[in-house]
Structure formats: structure tokens, C-alpha cells
Amino acid sequence: MQEPGNRKKRSRGIAIVLTTLTLSVTLPLVGLGFDVGTLYLIKSKLSAASDSAALAGARALSEGANEAAQETNATSTAQSFFSGNFPTAYWNTTGASATVTIDATSTPNYRTVTVNATVTAPLYFLRVLNQQNSTINVTSQAGRRDVMMMLVLDRSNSMNQIVAGTGLSACSIMQTDAQAFLGYFAPGRDEIGLVVFGSSTYTYPPTTSFTTPDANGNTIGSLIASITCFGDTSTAAAMNAAYGQILAVNSTTRENVVTLMTDGLPTSITSDFVVDHLVRSNDGSCNPTGPSVFGGGTVNGNMFPGGSLGLLVPSQPSLGSPDTVILPTGNGCHFWAPLGSYVNMGYVSYDIAGLPTTDYWGNATQGPYTTESPAYGSAANLNDVTDAQGAVYAAINAVDNQANVIRTNATLKPYIYTIGLSGDGAVDQYPDPLLLMKMANDPNLAGITGAGQTFYNQQIGQPQGLNVNAPDATQLAMAFDTIARQISIRLSQ
Amino acid sequence: MFRKRNERGNVYVEFALVASFFFVPLILGLITVGIAVLRNFQVNQLTRDVGHMMAKGVDFSQQSNQNLVANDLANGLSLQANSGNVTGSSSGGGVLVLSIFRYLPSSCGCANAGHVVVTERIVIGNNSLYTTPFGSPASINGSGNVQNYTTDTGARADNVLSVISIASGGLAYMTEGDFSFTDLGVVGFITHLGAFNRAVF
């Protein structure tokens, strides 16, 4: 039997013992929790910084005049983004560093940026176990795919309008902005080609040396600088020329892209016309057997003064001459409207039997775009050449169908980006945003009730590009910049 | 006998006193700080994820994407999704400011050539909590696109270069998150808990 006095003595101070015992368990647990929690927080931050560095480094591979400069830029950008996302002495860490490695050869047309990040994190409570600190390592990887891009520029006559407040023509502003756009691509890796179109097209094949003068002393930038704006808007011919280059390169390892800038509705189609006579609108001897361009206008059924009325070969050997006066004797036909007056379409209707059901490349001219779009609501009238609006409808349908052919190439998977420039030319010839969105398969089609949603649903699964509207030429720089950013996002993943 | 019976339980009383003045505040403080650390971690993760998604092309001007951020990624942080806008509101306990910056090259031929400009800005949540110091553009459209960023001097954000180095022509995607944890705190001891984080991709 225990004596009460002894128990009382033993009870004295037992709370202190209990507290001490509890603390001896609690404090290490708290300490372990604190140290491990801190390490977890630091690792999370380090991982975010490493991811950011890899992605920014991959994006920066487009910056630089050659591959070496691009890789130097990528390395310095990656390290800068790492430092920017992982503050010095974050939670008392030391020795934060990122090692950047670039692999440009393992995968064709794809460069990877690998970031190995490391930092030393202090331990506080675990020091009782003689652990002063802990080293944390993380690895991140991102890459940039090379692009094969055809830049398609509209040089139609309407581009000559002077833009208010600038003293410059839309053509001149476009030249400056398109050249700046080239700066967002990687010489030596990306292949860039050029198509310039009015009534006819001029094509410069894609090359990785797009900033280096060729045998004739031309670069793509210098060619853009030499553009004179003239003629109709043969958008389908231009898109076909761009697609032809994509097919010729036939790269499944690059991202294939067509970027179109246009300031108006398509107004011309290229086809084998049925020629009844070569009398009234032909200004010389010609051979009508080749593919030809028919240009339509929309002003009271008449062609514009000096417009490219009639037939001419669809491609241009150079940008140096106005694109309607190009025919060597006996090769194709050239029909010319006298300058200074409207010429009745009856001149052409006498010579041409009607509009064809397909253009030269097999794109349907009667529909379906103009029958589905609320802005048009009917098929092209192919039987009456004097109906200039019918020619525009045919041209619209041809370019829509050409874009459809491009997007549905399941092997090359080309993306189409479009820029619609309004504000110059006749209001009824401004670009149709819905047509350009459909051509690009812009995901924003889904938000347009009616025809937009119909087009969106019809084109699900096809490559999705983007359309950007430029309300006037001063907005072109931003439009090109937006497209460059979107392409950059697609290339750098 | 009476005194002995009184002394029984003294141990528990003393322990309870020690617990009241030491363990209970300690545990409450640990819980509070623990939750705050967890939320801090969540804010870090949130800004990282949103920045990463933005850099990969996710459009946060879309209401559905804002809802995804507010209701899922920021679950428990009291971030209110906008109602069909890109400028935020005055409610909720947090805000996210999303910005895209471009270093306009000299070849731009525009007024802002050679400057870093903000090209897109979307604010999600309580815009009274935080104002970003990086550019103050005159006009932003409903999709978050800064209007006239090639010419608007207010769109210039050269101070971004103090955070990150961007090469000429380069891009940066920034997410800033500021959150106030007004529901947390131990009266008189721990107040004004919150978290701020910035992620740049």
C-alpha cells in the first residue's frame, strides 16, 4: 500500500515533466514539418523558375541573325527568366543557378532547351541531426520547332490610298511592317517564302537564308521593299501559289504556315475561260490556251478605270513591273481597259462565254461560302459575265475552297493566319472578316451565332489559325505582331 | 484525507494551465501559419500555372477560362471570376493581373520602337487590391488587347526589364497574384496575412 505522503511528493513537478515530454515529441514534429514544408515551398518555386526559363529560352531561339546567336540569346534569356522567377536568397537559400543546354540535332527541325536548376536550402530544426542544409535539383525542358512559312502580301491597287495622318500609303506601311514581321523568325532554321499578288502573283521560294542576299542580291525583305501596288485581288491564285511551295518543300517535321495579309475582297479568279472572240477587249495578239485571270469590280457593274480587265497569265517573273503589262507576244492574252473611264463589262462579255465552275486549280466558284454567309446569300452567277458582282462571288468561293484544301492536308497540316486591312479602297470591297476567319479556321468562329458556328462545326479537327482585323494601316504593325506571337506560341512548347 | 483529495488532479490543472497559455496558442498559431503557408504555396502554384497556360496560348479573356481559374485552381482563395469582362471587380479576396509584354524592335518603325510595351492585360478578381506597376495603357478592348500599343506611350513598361531581361523582339508572359487572407489570424498576434507572387514565362 502506498503512503499518501510519498504520492504527494512524487506528484510535485509532474506537470513540468509532462510538458517537457510533450515538447520533446511536439517540437521535433513541428521542426520536421517546418523544414520539410520549407523545402517543398522552395522546390516549387525552383521548379516554376526552371519551367519559365526553359520556355522563354525556347522562345528566344527565334532571336538572332544565325544559329549561334540564337542559341546565345536562348541561354541568356533562360538564365534571366530563371533569376527573375527565383529571387536572390529566397527563403535564405544560397547558390541558386541554372545550367542551360541546347540540343539542335537530335530531332529534325526541333531544338530543345534543357534547364538544370539547383539551389541550397538551409535547414533549421533538422540541424539537431547534423543536417545543415539540403540541395534541391530540378530539370525542365522545352523546345522550338522550325517553321516553313509562306508570307502572302496583297499589293492590289487599293493599297495605294494615303493613310490619314501619316502621309504614307497603306502599301508603304505594309512594306515596313511586313519586313519587321520577318524579324520574328530564325534565319538559318526557319524557311520563309514570299507571294505577292495583285491580278497576278509573284512567288519567291522558301529559304532558310531569307536574310542573306541571293545571286541577284535580293532578300525577302528587299523584295518586299520593292513592291509597287497595282492590280486586282487574286487571293485564290496567291493562296494556291503559297500552297504549291508548301507541297514542294513537303516537310513533315516543320510547322507549315501560310500568313495572308489582304486589304479587300477577292476580285479575280484564274481559270481556263471559254473565249468566244478576241476582238473587243483584247489589245493585241494573244494565245488564250493558258490559265488566265478575270478581274471583276463592283461599281455599278463596271470595271474600275485602268483595272486589269480581261485575261492575263497568272504568275509574274518579277516584282519590277506593273502586273498587268507582262505578256510576251503570243503567250496568253491581255485585255486592257482605257484609263480614265469606266468600261462596260459588255466588252468582256463579247469575248468570254461565261465564268467557269471551277478555277484553274479545281476550286469551285459557285459555292458554298457565298450561299452560307449572311452577307451574300446566293451562289455566283456563272452565266453572265457582265455581272461584276458575280465575278467577285466566284473569286470569294474559290479562295474559301482553296483555303479548305490547304487546311485539310492531313500530312502537312498547314496553319493559315490572316490579316484583314480595312480603311482603304471602296467600303464594299473591305475584307470580309467572316471569310478570313473561316480561311484561318479561327476558334473565335464558335462565338459567332449562325454562319460562324456552322463554319466552326464544319471545320472541327482542322488546324486552327487566327484572323486579326486591322481597322486601318496604322494598325498593321500590331496585327503582324499578334500573328507573330501566335506563331511563336505554336512553335515553342 | 480532505487535503489529499484536493491535491488529486493538481497535475491535470497545472497541465491544463500550461496548455492554456502555451500549447493552445502554439497549436492555434501553428494551424494559422500552416494554413497561410499552404495558401502561399497555392498562390505560387496558381500564378505559375496561369502564367504557363497563358504562355501556351490559353485565352483568359474567355469567361469559361476565368471560371476555371477562380473555381478550381484558386479554390479556397476567395478569387472572384469576372462577369464577362477583363478588368476585374471590387469583390473577393484576391486578384490576378495577367500581362503580355513585347520588346518592340527598332525595325518596328513606330513611336514605341525600342521600348517594352504591354500588349495584353487581363485582370481577374478584386482590382482594388493591387495595381501593377508595369505599364498603364490608355485603352484595352474586351479581349484584353491593348489598343495602339505601338504608339500609346502609356503602354510602355520598360521597368519590366528590372525583373526580367527581354531581348529585342522578345516576349514575356507575366502573372501577378495578390491575395488577402482576412479569415485567418490570431487576435492580437497574427494579422494581415496574405500572399503575393509573380511568375514570368
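This is a predicted model: local features need pLDDT of at least 70, side-chain atom pairs count only at pLDDT 80 or more; totals for chains, interfaces and linings use all residues.
## A sheet in chain A

The strands β1(A) and β2(A) run antiparallel and are joined by nine bridges. They belong to an open sheet of three strands, ordered β1-β2-β3 in chain A, with antiparallel pairing. Because β1 and β3 (133-145) of chain A each have a single partner strand, they stand at the edges, and one side of each is left without a neighbour in the sheet. On average, neighbouring strands here are turned by 15° against each other, direction ignored.

## Helices lying across the sheet

Two helices of chain A can be found against these strands. α2(A) lies across β1, β2 and β3 of chain A and runs at about 25° to β3(A). α3(A) lies across β1 and β2 of chain A, at about 150° to β1(A).

Have a closer look at α3(A). This helix has 19 residues and reaches 27 Å from its first C-alpha to its last, close to the 27 Å expected at 1.5 Å a residue. Its buried residues include A:Q70, A:N73, A:F81 and A:F82. What covers the buried residues of α3(A)? The cover includes α2, β1 (94-107) and β2 (110-122) of chain A, together with β5 (194-200) of chain B.

## Where the two chains meet

The contact takes 38 residues from chain A and 35 residues from chain B. On the chain A side, α1 (4-11), α2 (14-60), α3 (67-85), α4 (170-182) and α12 (476-491) each supply at least two residues. α2(A) gives the most to this side, with 16 residues. Sorted by class, the side of chain A that touches chain B has 16 nonpolar, 15 polar and seven charged residues.

## An enclosed helix and a buried alanine

Next comes α6 of chain A, residues 235-249. It has 15 residues and spans 21 Å from first C-alpha to last, close to the 21 Å expected at 1.5 Å a residue. Eleven of the 15 residues of α6(A) are buried, so this helix is largely enclosed by the rest of the structure. Among them are A:M239, A:N240, A:Y243 and A:I246. After α6(A) comes A:N250, whose phi is positive, near 50°.

Further along is A:A440, which lies in helix α10 (residues 433-440) of chain A. Is A:A440 buried or exposed? A:A440 has 28 other C-beta atoms within 10 Å, and since 20 or more make a residue buried, it is buried. Leaving aside neighbours within four places in sequence, A:A440 is in contact with A:I416, A:Y417, A:T418, A:G465, A:L466 and A:N467. A:A440 and A:D400, 40 residues apart in sequence, are 9.9 Å apart in space, C-alpha to C-alpha.

## Chain B as a whole

Chain B has three helices and five strands, following the pattern α-α-α-β-β-β-β-β along the sequence. Its radius of gyration is 24 Å, well over the 17 Å that the globule rule gives for 201 residues, so chain B is more spread out than a compact globule. The C-alpha atoms of chain B fill a box of roughly 100 × 35 × 25 Å, taken along the principal axes.

Of the 201 residues of chain B, 44% count as buried. Among contacts in chain B between residues at least 6 apart in sequence, 66% join residues at least 24 apart.

Methods. Residues are numbered from 1 along each chain as its sequence is written. Chains are lettered from A and ligands numbered from 1 in the order in which they are written. Two residues are in contact if their C-beta atoms, placed from the backbone, lie within 7 Å. Helices (H or I, at least four residues) and strands (E, at least two) are DSSP runs, numbered from the N terminus. Ala, Val, Leu, Ile, Met, Phe, Trp, Tyr, Cys and Pro count as nonpolar, Asp, Glu, Lys and Arg as charged, and the others, Gly among them, as polar. The expected span of a helix is 1.5 Å times one less than its number of residues. A residue is buried if 20 or more other C-beta atoms lie within 10 Å of its own, exposed if 12 or fewer, and partly exposed in between; C-beta atoms are placed from the backbone. The radius of gyration is taken over C-alpha atoms; the globule rule is 2.2 Å times the number of residues to the power 0.38. Two strands pair if DSSP finds at least two bridges between them. Axes are lines fitted to C-alpha atoms, for helices over the stretch in contact, and angles run from 0 to 180 degrees between N-to-C directions.
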